[in-house]
Amino acid sequence: MPVNDVVLATEGDAAAFERVYRAHVSRIFNLARRMAGPDAADELTQDVFVRAWQKLALFRGESSFATWLHRLAVNVIIERFRAIGTARQRFLADSEAVLEIAHATRTKHLDLSMDLQAAIEQLPHGARTVFVLHDIEGYKHEEIGGILGVSAGTSKSQLHRARQTLRVLLRKEA
Amino acid sequence: MTEQRQFGEPDHEPLGTDDILSRAIGQWRDEAPAADLWPGVAARLEVRTAPHRTLVSFTLPQLAMAASLLIAVASGMTWLAARGPAAPVDTQPTVVAQSESTGKVEGGIVNANFADAQFNAAVTDLEQILRDERDRLDPRTVLVIERNLKAIDVAIHEARMALNDDPANAYLNSHLADARRRKLDLLRQATTLASAGGN
């Protein structure tokens with residue numbers, strides 16, 4: 001995508017912004033799908049680009065536009081989680097709930113096929129977010145802690161538990 | 001954000017390649033949205049961007065007031081000019097408004113730029129001259145000058161207030177610069193007129 005499209009979009013050129021959208025929609029959609037599930041992915045993707053349009057003036061070019069947009073998308077998705085009740089306080093409680101959910105799911109869905117997407121959807125938002133950001137998107141624990149407002153240690157703990165849970169869910173399909 | 005990694009990471013226990021989780025991640029393919037999401041985005045852009053446009057719009061009364069101010073200032077300056085030619089004044093500096101910040105003195109002409117400090121200093125100097133010389137002007141002339149200066153001050157104040165909310169707005173910046181230039185021009189003409197004895 002030409003860099004000029006971002007500049008033009010910053011100046012209010014909607015046609016240029018559509019080109020920016022076309023260039024980045026796949027990555028943002030898949031981030032939303034993995035973090036929030038397929039049902040919410042469409043709407044979240046649209047939310048991200050609307051927010052990007054509103055915030056374009058704040059993009060100063062210190063990072064690549066793709067990185068800026070990705071971080072903005074993560075924030076939009078996490079805001080949605082919080083809006084539906086996954087507040088910071090509950091994020092810590094999620095950590096203890098992960099394995100309990102896994103055991104319950106194993107019994108309930110014993111005969112159902114389960115891919116990674118379905119397995120991830122069994123995780124609480126906090127654990128899912130840490131797993132996707134760390135193991136899929138490549139964020140470090142310090143970065144995740146900064147985004148979620150928790151310590152890096154909490155992020156590590158969440159990842160460890162999320163991985164354990166996912167392994168349990170996936171093994172029974174193997 | 002760091003560079004995207006396929007899976008595993010340096011700051012946490014890496015996933016082994018034979019780990020069922022790493023295999024699942026490796027097979028987790030990207031998907032495209034089932035439908036084009038752009039129309040939904042575009043529709044919301046219009047709604048969300050509308051308030052930005054209203055920031056620089058003006059109501060009918062505001063436009064009417066702006067037109068009145070413009071007419072008043074133009075009339076005042078025309079009236080001042082019609083009162084008589086500006087006589088050369090040896091003892092008073094002439095302030096020339098410039099858009100560039102030079103601050104130099106060339107041939108007895110004080111170059112006033114539009115940075116706040118220099119602008120304020122030039123205005124202060126001219127206002128002092130005008131106060132000192134006002135008795136030499138017809139009271140009706142003083143009244144017109146003061147009325148027009150007040151109108152310009154209102155325009156400057158309003159432009160500054162609007163710029164507080166929208167500092168990068170080119171129109172508002174231009175409007176402010178024009179208003180300040182008009183104020184300097186009016187003060188310069190008034191002091192020249194007063195120095196010439198009001199004739």
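In chain B, residues 24 or more positions apart account for 63% of the contacts with a separation of 6 or more. Two residues are in contact if their C-beta atoms, placed from the backbone, lie within 7 Å. This is a predicted model: local features need pLDDT of at least 70, side-chain atom pairs count only at pLDDT 80 or more, and totals for chains, interfaces and linings use all residues. Residues are numbered from 1 along each chain as its sequence is written, while chains are lettered from A and ligands numbered from 1 in the order in which they are written.

**Chain B: build**
- Chain B has six helices and three strands. Helices (H or I, at least four residues) and strands (E, at least two) are DSSP runs, numbered from the N terminus.
- From the N terminus on, the order of elements in chain B is α-α-α-β-β-β-α-α-α.
- Of the 199 residues in chain B, 20% are buried. Buried means that 20 or more other C-beta atoms lie within 10 Å of the residue's own; exposed means 12 or fewer, and partly exposed is in between, with C-beta atoms placed from the backbone.

**Confidence**
- Chain B has a mean pLDDT of 68, and 55% of its residues reach 70 or more. pLDDT is the predictor's confidence in each residue, from 0 to 100.
- Within chain B, confidence is highest in α1(B), at a mean of 83, and lowest in strand β2 (residues 105–106), at 38.
- Residues 1–9 of chain B have pLDDT below 50; this stretch has 24 contacts in the model beyond near neighbours in sequence.
- Residues 47–57 of chain B also have pLDDT below 50, with nine contacts beyond near neighbours in sequence.
- For the complex, the predictor gives an ipTM of 0.77 and a pTM of 0.51.

**Where chain B meets chain A**
- Contacts join 26 residues of chain B to 36 residues of chain A.
- On the side of chain B that touches chain A, α1 (20–26) and α2 (38–54) of chain B each supply at least two residues.
- The largest share of that side, seven residues, comes from α2(B).
- By class, that side of chain B has 14 nonpolar, four polar and eight charged residues. Ala, Val, Leu, Ile, Met, Phe, Trp, Tyr, Cys and Pro count as nonpolar; Asp, Glu, Lys and Arg are charged; the others, Gly among them, are polar.

**A:I78 in chain A**
- A:I78 sits in helix α4 (residues 65–83) of chain A.
- A:I78 counts as buried because 21 other C-beta atoms lie within 10 Å.
- Leaving aside neighbours within four places in sequence, A:I78 contacts A:T129, A:I147 and A:L148.
- A:I78 and A:T129 are 51 residues apart in sequence, yet 8.1 Å apart in space, C-alpha to C-alpha.
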